[in-house]
Amino acid sequence: MRFPKNFLWGAATAAAQIEGAWDEDGRTPSIWDMMPEGKIKRGENCHSACDHYHRWKEDVAIMKELGLQAYRFSISWSRVIPRRGEVNKKGLAFYRNLVDALTEAGIEPMITLFHADLPVWASEAGGWSNQETAEAFSEYTAVVVEELSDKVKYWFTMNEPQCFAADELELNPGKEICGVTKTILLAHGKAVTAIRKYAKQPAKIGLVIMGLSMEPIEGVMDEKAAAEVTFSEQMGSMGMQWWMDPMILGKAPEAMRDVLSEEDMEVICQPLDLFAGNVYFPANYADIPGGINPLSVPGMPKSLLEWPIRPRCMYYFAKFVWERYHLPVLFTENGFSGVDFVMMDGKVHDSQREDFMHRYLLEVGKAAEEGIPILGYLYWSLLDNFEWFHGYDIRFGLVHVDYQTQKRTIKDSAYFYKKIIESNGEIL
Ligand code: BGC
């Protein structure tokens, strides 16, 4: 299969899921460090995670060995800004060293400014239902961009607002989606403005959305209808249009029309350079009012998280968002969760992940061959890591992590990915 010449092959992680060192060198806790008891499986927490804060050199060496060309990671807001208005030099130094090592290794650093780990200080001040949080986010953005933009070109304001907005509502009964959405949209817009203002080189900016698109099925829904449903009001705040229409098209969803003023829209709607999406499976037909799910059959192929294996979602995501937003597409996450373990020969034979990657990448390639501009593919995740409410059992990594010893073992799928990268996808 042919992929575009400058296609970027990489992997992604997020701070709360890998860094650990939750209370070191001046960092203050995020909401994930302080999750109420009973929320996370078996009472696990992310206080140590993969200990990447201390092992980042080894992790960069692994990325280099695998031939990764890009690495998307997130910054822990409370490591850099431990309290409103205070900058933590040691926290910034950690990311400075990481960025230097990545560029030295020939790996393009891509930064997500916010990946779910709201500082406790911001949460206590009202979190995403307090508009001040948008202002605080843009102050933090300015600090990070000022420090790292000499070497960092790719910036993502946030990861999956659908998910962290939903978490905020679940953890704080009484809050409502429109108020939370407004602050998040404003925070995004202000952050984009701050990146453009402080960046030391032309920046490529996006927001990482959870890329839920409908999959056409013969006799059930044709392609045109699938695209329409993908961007319809019925997808609510889990849909892409709820967030991306205001940001890119300057158009508010119906439910938000009275909440967003014209001035708000001017802040929110800032030019973006790419459309970044995390894509794992198609939207569920059962979520459509009155719908049944023809994709769900007994014994269907799925991952450990019970996510259906439906590779065509990659193709339709790319096609639908390109037709609607006309921005080049970057797959910022896609991956397979399994029960990988180190086998008797000391290796991790994760052939299901290889097959998954192969199938999903063929669909990416197909979209690219049809002329949709696709910038790259970042596998989720570089390392097995802390899978939020599920704790540590669910393994997505190219690299196995033994959480007792922190030993890293490169899985078979990572060596397969290395060959894919070396051939720019031709072996697929
Ligand atoms: C998130 C990651 C998460 C992954 C697997 C994405 O929704 O951005 O943080 O680990 O999916 O659940």
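Modeller: Helices (H or I, at least four residues) and strands (E, at least two) are DSSP runs, numbered from the N terminus. This is a predicted model, where local features need pLDDT of at least 70, side-chain atom pairs count only at pLDDT 80 or more, and totals for chains, interfaces and linings use all residues. Residues are numbered from 1 along each chain as its sequence is written, and side-chain values use heavy atoms, with hydrogens and water left out.

Start with the location. The ligand sits in the largest pocket. A pocket is an open set of points on a 1 Å grid over the protein atoms alone, where a 1.4 Å probe fits, with protein on both sides within 12 Å along at least five of seven lines. To sit there, more than half of a molecule's atoms must lie within 2 Å of the grid points.

Now the shell (a heavy atom within 4 Å). Gln17, His115, Asn159, Glu160, Asn278, Tyr280, Trp307, Glu333, Trp380, Glu387, Trp388 and Phe396 surround the ligand. By class, 5 of these residues are nonpolar, 4 polar and 3 charged.

Next, the polar contacts (N or O pairs within 3.5 Å). The side chain of Glu333 places an N or O atom 2.8 Å from a ligand oxygen. Asn159 has a polar side-chain atom 2.9 Å from a ligand oxygen. For Trp388, the distance from a polar side-chain atom to a ligand oxygen is also 2.9 Å. Alone, the ligand would expose 310 Å², and the protein buries 92% of that. These areas use the Shrake-Rupley method with a 1.4 Å probe.

Now the backbone. Most residues other than glycine have a negative phi, and most peptide bonds are trans. Trp380, one of the shell residues, joins Ser381 through a cis peptide bond, with omega near 10°. Ser381 falls in the loop between strand 8 (374–380) and strand 9 (399–402). Arg42 has a positive phi, near 55°. Arg42 is in the loop between helix 1 (15–18) and helix 2 (52–66).

Terms used:
A polar contact is a pair of N or O atoms within 3.5 Å; within protein, one must be able to donate a hydrogen and the other to accept it, and residues adjacent in sequence count only if both atoms are side-chain atoms. On a 1 Å grid over the protein atoms alone, a cavity is a set of points where a 1.4 Å probe fits but cannot get out, and a pocket is an open set with protein on both sides within 12 Å along at least five of seven lines; lining residues have an atom within 4 Å of a point. Ala, Val, Leu, Ile, Met, Phe, Trp, Tyr, Cys and Pro count as nonpolar, Asp, Glu, Lys and Arg as charged, and the others, Gly among them, as polar.
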